[in-house]
Amino acid sequence: MVETDRPDEDKREKRRKRRLRNPLGPSDAEVRASVAGEASADAAIALQTEGGASVPLDLTAAAFFDVDNTMVQGASIIHFARGLAARKYFTSGDLAQFAWQQVKFRVSGKENSEDVASGREKALSFIKGRPTSELRMLGEEIYDELIADKIWPGTAALAQMHLDAGQQVWLVTATPLELAQIIAERLGLTGALGTVAESKDGVFTGRLVGDILHGLGKAHAVRTLAVREGLNLKRCTAYSDSHNDVPMLSLVGTAVAVNPDADLRELAKNRGWEIRDFRTGRKAAKIGVPTALALGAVGGGLAAVIGRRRAG
């Protein structure tokens with residue numbers, strides 16, 4: 001488990017305060033998104049190292065997958081809340097509130113700031129004072145019970161294509177890092193970028209590092225990870241169902257809209273992005289190779305040939 005009370009946190013907090021003192025600088029929300037992205041990338045890399053992930057063959061290309069309605073049918077946090085409610089951690093009223101917020105989000109395609117804030121407070125009040133190991137244990141149980149059979153086969157096949165091409169494959173989600181990491185491990189992926197809850201001595205403090213990882217935060221996390229891992233974002237691919245993930249999708253060389261909401265579908269058509277819809281049998285039956293993956297395979301092959309020639 002990655003502890004979040006390390007010196008890097010102090011450095012991030014000092015940078016955050018300096019930015020906020022500048023009246024022409026980014027807003028508080030933008031600063032929190034940046035801090036959340038950096039923290040998520042740092043934690044993801046630490047977990048990848050702890051897990052002993054295999055070294056990819058294609059060192060500069062990667063794929064980034066959103067989770068909710070992209071990799072998992074529905075909202076992973078709702079599935080997790082259902083499992084917690086069954087274990088009497090939440091009341092049925094709490095679960096209904098979570099579900100209603102998700103329904104409003106799916107209908108409007110936009111996140112309500114009040115819903116985000118109330119959901120954040122509810123989640124933080126639940127984990128405050130609890131051991132990080134407990135969340136990990138619950139996440140494993142609930143994944144096996146409620147999430148495993150809700151993985152979109154078509155999206156999982158796309159992720160496997162990238163793995164087979166020797167590329168890193170990361171989940172990028174607002175879901176707590178601990179749960180996101182479990183999903184990544186179960187699917188055999190490289191790792192996960194998720195919301196980082198602060199912990200001290202193996203116990204959650206009830207605070208987030210930065211903010212929930214969504215919107216700009218996801219883009220910051222992907223950019224930070226790319227720097228840390230030496231990735232070329234032009235050779236990378238990102239997948240999402242939501243217009244809220246446009247900042248992340250716009251970072252990479254190839255963006256793919258998976259089960260897109262109306263706004264993302266329209267934007268994808270305008271920008272010439274690929275669209276995959278696994279919600280109907282019509283398009284789910286045939287899975288083509290994303291453009292970046294095909295080009296990446298060629299690029300990786302050329303790099304290998306050049307490397308062998310130089311070695312010779």
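Predicted model: local features only at pLDDT ≥ 70, side-chain atom pairs only at ≥ 80, totals over all residues.

Student: How is an aromatic pair read, and how many does the structure hold?

Tutor: A pair of aromatic rings is described by the distance of the centres and the angle of the planes. The structure holds one such pair. Its members are F65 and Y239, with 4.1 Å from centre to centre and 5° between the planes, and the pair is stacked. F65 belongs to strand 1 and Y239 to strand 6 (residues 237-240), so the pair ties together parts that are 174 residues apart in sequence.

Student: Are F65 and Y239 buried or exposed?

Tutor: F65 and Y239 are both buried.

Student: Which residues have the most contacts inside the largest nonpolar core?

Tutor: The general idea comes before the case. In soluble globular proteins, nonpolar side chains tend to be buried together. Here the largest nonpolar core has 36 residues, and F65, M71, F80, L171 and Y239 have the most contacts inside it. Helix 6 (residues 132-147) gives the most to this core, six residues. Another core, of 30 residues, lies apart from it; A41, L213, V222 and L264 are among its members.

Student: Which residues is L171 in contact with, leaving aside its neighbours within four places in sequence?

Tutor: The contacts of L171 include F65, V67 and M71, and also A180, I183, A184 and L189.

Student: How is a salt bridge read, and how many are found in the whole structure?

Tutor: A search of the whole structure finds 17 salt bridges. One of them joins R32 to D211, whose closest N and O atoms are 3.0 Å apart. R32 is in helix 2 (residues 28-51) and D211 in the loop between strand 5 and helix 9, so the pair ties together parts that are 179 residues apart in sequence. R32 is partly exposed, at 25% relative accessible area, whereas D211 is buried, at 9%.

Student: Where do R87 and E145 lie?

Tutor: R87 and E145 meet through their side chains in a salt bridge of 2.7 Å, N to O. R87 lies in the loop between helix 3 and helix 4 (92-108), and E145 in helix 6, so this pair ties together parts that are 58 residues apart in sequence. R87 is partly exposed, with a relative accessible area of 23%, and E145 is partly exposed, with 47%.

Student: What of D245 and K218, buried or exposed?

Tutor: The side chains of D245 and K218 form a salt bridge at 3.1 Å, N to O. D245 lies in the loop between strand 6 and helix 10 (246-249) and K218 in helix 9, so parts that are 27 residues apart in sequence are tied together. D245 counts as buried at 3% relative accessibility, and K218 is buried at 5%. Salt bridges that share partners also join D28, R32 and D211 into one network.

Student: Where does a positive phi occur in a residue other than glycine?

Tutor: Take the angle, then the place of the residue. N69 has a phi near 65° and lies in the loop between strand 1 (62-65) and helix 3 (76-86). D201, which is not a glycine, has a positive phi of about 55°. D201 lies in the hairpin of strand 4 and strand 5, with two residues between the strands. Those strands run antiparallel and are joined by three bridges.

Student: Why does N69 count as buried, and why does D201 count as exposed?

Tutor: Buried means under 20% relative accessible area and exposed means over 50%. N69 counts as buried because its relative accessibility is 16%, and D201 counts as exposed because its relative accessibility is 66%.

Note on methods:
Residues numbered from 1 in each chain as written. Heavy atoms only, no water. Helix = DSSP H or I, 4+ residues; strand = E, 2+ residues; numbered from the N terminus. Buried < 20%, exposed > 50% of the residue type's maximum accessible area, 1.4 Å probe, protein only. Phe/Tyr/Trp six-rings, centres within 6.5 Å; stacked < 30°, edge-to-face > 60°. Core = buried A, V, L, I, M, F, W, Y, C linked by side-chain atoms within 4.5 Å. Contact = heavy atoms within 4.5 Å. Pairing = 2+ DSSP bridges. Salt bridge = Lys/Arg side-chain N within 4 Å of Asp/Glu carboxyl O.
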